[in-house]
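Visitor: I am new to this structure and would like to be walked through it slowly. Could you answer my questions as I look?

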Amino acid sequence: MANPSDRVLIFDTTLRDGEQSPGASMNLAEKLEIAHALRALGVDIIEAGFPIASPGDFEAVQAIAREVNGPTICGLARCAAADIDRAAEAVKDAAQPRIHTFISTSDIHITHQLRSDRKSVLAKARECVARARAQISDIEFSPMDATRSELDFLYEVLEAVIAEGATTLNIPDTVGYATPAEYGALIAGIRKNVRGADKVVISTHTHDDLGLAVANALAGVEGGARQVECTINGIGERAGNAALEEVVMALRTRSDVYKGLHTAINTKLLVPSSRKLALVTGLAVPRNKAIVGQNAFAHESGIHQDGVLKHRNTYEIMVPADVGLTDTELVLGKHSGRHALRQRVEALGYHFDDTQFQLLFEQFKALADRKKTVYDADVEALAEAMLHKGSTSAMWTLEAFTTNAGTGTIPMAAVCLWRNDGEIFKDAAMGDGPIDAIFKCIERIAGIEVKLRDYRVRSVTDGEDAQGEAQLECEYQGQTLRGRGVSTDIVEASAQAFLQVINRAAQKLGPARLNPYDVQPVAAAQEAAGS
Ligand code: KIV
Ligand code: ZN
């Protein structure tokens, strides 16, 4: 058995498995923005989506395949002819396209979900890989629920798909059940016992139901896997996937253990990428999240602070700057010029054309008039608002509002919204408070009602003139939608956050969308495939 190389490929599935986390769905402009950030970060493969899921998913995968140069662009497909053809169509314009096809191999899935048998699953796996390979040369195959599959059958399926031309074998711990020792041994066993395994890349795909996703991915690498499937901030189905930043920094920080294994990730972009994803999706990063959480490098206890001041290595195993956390965030003010702002905006990973930048600069000047100092978080908030404004998919934009509240008065609001066909709408309402009144106006104008589940306000930066950030979580037609708004006025921030939720809900009114876990029974899949 040949030794695998020292290079660990990073397969990012933020835009596919990650997007399946409740409340993380993104529109086309947002997906493109994240895909560009992933390219800059240095990921090897971007799983851009599940093209058959909806016309919007197809369009996003196709746009990423056409626009994002560098990484391999991958589309997901169930083992069904229609799925594979749709995925091939979506990725075909990429410089390096890939199809990722999957079918369950565990008896529990085969019997109860697919309502099929091992023989049909094996035949389907063969057929689908052959069909995909006839269209695209880079083919990844996943035996879903691999960690609960009977080993001999798993080996048989893997050997068969290698013979049909699969180039990567991905081994999903779909339900996050495996322990690191088991998962490492599973990967090593596949490398040893599956004929042809030395000619293909073995990949990990681990879920975090028991909090073991990263540990399992690393155990898989020790067992000989050379591709890791992961997501920024570990977002994903249920408890999420292995967090990209944790896998990358573990390999790098403990290179003494992972002997020379390396990735192509520019680690200095880990924190900016994490923040960008949180801003785009509204899914906040827990403060204590490893590598990218706000507290990841904060030392609270006196003993720790004393140690770090004397010698950083006493309590710090990584250099904050290596993950993109700078001690000295550049502070801008009303005397800062275009050049300083442009530099800051680009360092934070945003790229605007001259017209957009001019508008951003004017907003920056207006903000600097209201606030003494403008921090990175303020610049990020302006840049994000600009991106959302520029996105044609945002149906509603806040034009103006006014509120009236106080002890002994009836809280009221009047709101004026702009619709993306150029029409202006106005309404006024009473509420339990000024924010409730604004939300009521917005709901009435948009004709969409959502259930508010969570509402939080916090300051983005330090100081009395800090901007306030409002974060909302709402339920709409059984789905979670999130919104975020930032302003020096928390009422405006709340209105912006609520409008983001309403715009997301308006998008959902489009055609229904499939989830890859809604696997069809094999018979139905065969029908869809016309076989
Ligand atoms: O977790 C899983 O099994 C998946 C497959 C689609 C690869 O996400
Ligand atoms: Zn998964």
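Visitor: Which strands does helix α16 lie across at about 140 degrees to β9?

Guide: A word of care first, since this is a predicted model. Helix α16 covers residues 490–508 and runs at about 140 degrees to β9. The strands that α16 lies across here are β9 and β10.

Visitor: In what order do the strands of that open sheet stand?

Guide: The sheet is open, has three strands and shows antiparallel pairing. Its edge strands are β9 (396–404) and β11 (424–430), each of which pairs on one side only, and the twist from one strand to the next averages 15 degrees. Read across the sheet, the order is β9-β10-β11.

Visitor: Which residue in β11 is the bridge partner of A413?

Guide: Strand β10 takes in residues 412–419, and with β11 this strand forms an antiparallel pair over seven bridges. For A413, the bridge partner in β11 is A429.

Visitor: Which helix lies across β9, β10 and β11?

Guide: The helix in question runs at about 140 degrees to β11 and is made of residues 434–446. Its name is α15.

Visitor: What is the order of the strands in the open sheet that contains β12?

Guide: This open sheet has three strands, and their pairing is antiparallel. Because β12 and β14 (479–487) stand at the edges with a single partner strand each, one side of each is left without a neighbour in the sheet. The twist averages 15 degrees from one strand to the next, and the order is β12-β13-β14.

Visitor: What angle does the direction of α16 make with that of β14?

Guide: Helix α16 packs on this sheet as well, where α16 touches β12, β13 and β14. The angle between the direction of α16 and that of β14 is about 145 degrees.

Visitor: Which residue in β14 is the bridge partner of E473?

Guide: Strand β13, formed by residues 468–476, runs antiparallel to β14 and is joined to β14 by nine bridges. The bridge partner of E473 in β14 is R482.

Visitor: How far apart are the closest N and O atoms in the salt bridge of E475 with R453?

Guide: E475 lies in strand β13 and R453 in strand β12, so this pair ties together parts that are 22 residues apart in sequence. Both ends are partly exposed, E475 at 29% relative accessibility and R453 at 49%. The closest N and O atoms of E475 and R453 are 2.3 Å apart.

Visitor: Which strand gives the most to the nonpolar patch?

Guide: The surface patch is made by L452, Y455, V457 and I490, and covers about 310 Å². One of these residues, Y455, is partly exposed with a relative accessible area of 30%, and Y455 has its place in strand β12. With three residues, the strand that gives the most to the patch is β12.

Visitor: Why is helix α8 largely enclosed by the rest of the structure?

Guide: Helix α8 spans residues 213–222, and the buried ones are A213, V214, N216, A217, L218, A219, G220 and V221. These buried residues pack against β6 (168–173), α7 (180–193), β7 (201–206), β8 (227–230) and α9 (244–253). Helix α8 is largely enclosed because the number of its ten residues that are buried is eight.

Visitor: How many of the ten residues of α9 are buried?

Guide: The buried residues of α9 are L244, E245, V247, V248, M249, A250 and L251. What covers them includes β1 (9–12), α1 (28–41), α8, β8 and α10 (270–281). Helix α9 is therefore largely enclosed by the rest of the structure, and the number of its buried residues is seven.

Visitor: Which residue forms a salt bridge with R252?

Guide: R252 is partly exposed, with a relative accessible area of 42%. The closest N and O atoms of the salt bridge are 3.2 Å apart, and the partner of R252 is D322. The pair links distant parts of the chain, 70 residues apart, with R252 in helix α9 and, in the loop between α11 (302–310) and α12 (338–347), D322.

Visitor: How many salt bridges does the structure hold?

Guide: One of them joins D93 to R66, with the closest N and O atoms 2.7 Å apart, and a network of salt bridges links R16, D17 and E47. For the structure, the number of salt bridges is 38.

Note on methods. Residues numbered from 1 in each chain as written. Chains lettered and ligands numbered in written order. Predicted model: local features only at pLDDT ≥ 70, side-chain atom pairs only at ≥ 80, totals over all residues. Heavy atoms only, no water. Pairing = 2+ DSSP bridges. Helix = DSSP H or I, 4+ residues; strand = E, 2+ residues; numbered from the N terminus. Axes fitted to C-alpha atoms, helices over the stretch in contact; angles between N-to-C directions. Contact = heavy atoms within 4.5 Å. Buried < 20%, exposed > 50% of the residue type's maximum accessible area, 1.4 Å probe, protein only. Patch = residues over 30% accessible without salt bridge, like charges linked within 9 Å, V, L, I, M, F, W, Y side chains within 5 Å. Areas by Shrake-Rupley, 256 points an atom, 1.4 Å probe, with all protein chains shown as cover. Salt bridge = Lys/Arg side-chain N within 4 Å of Asp/Glu carboxyl O.
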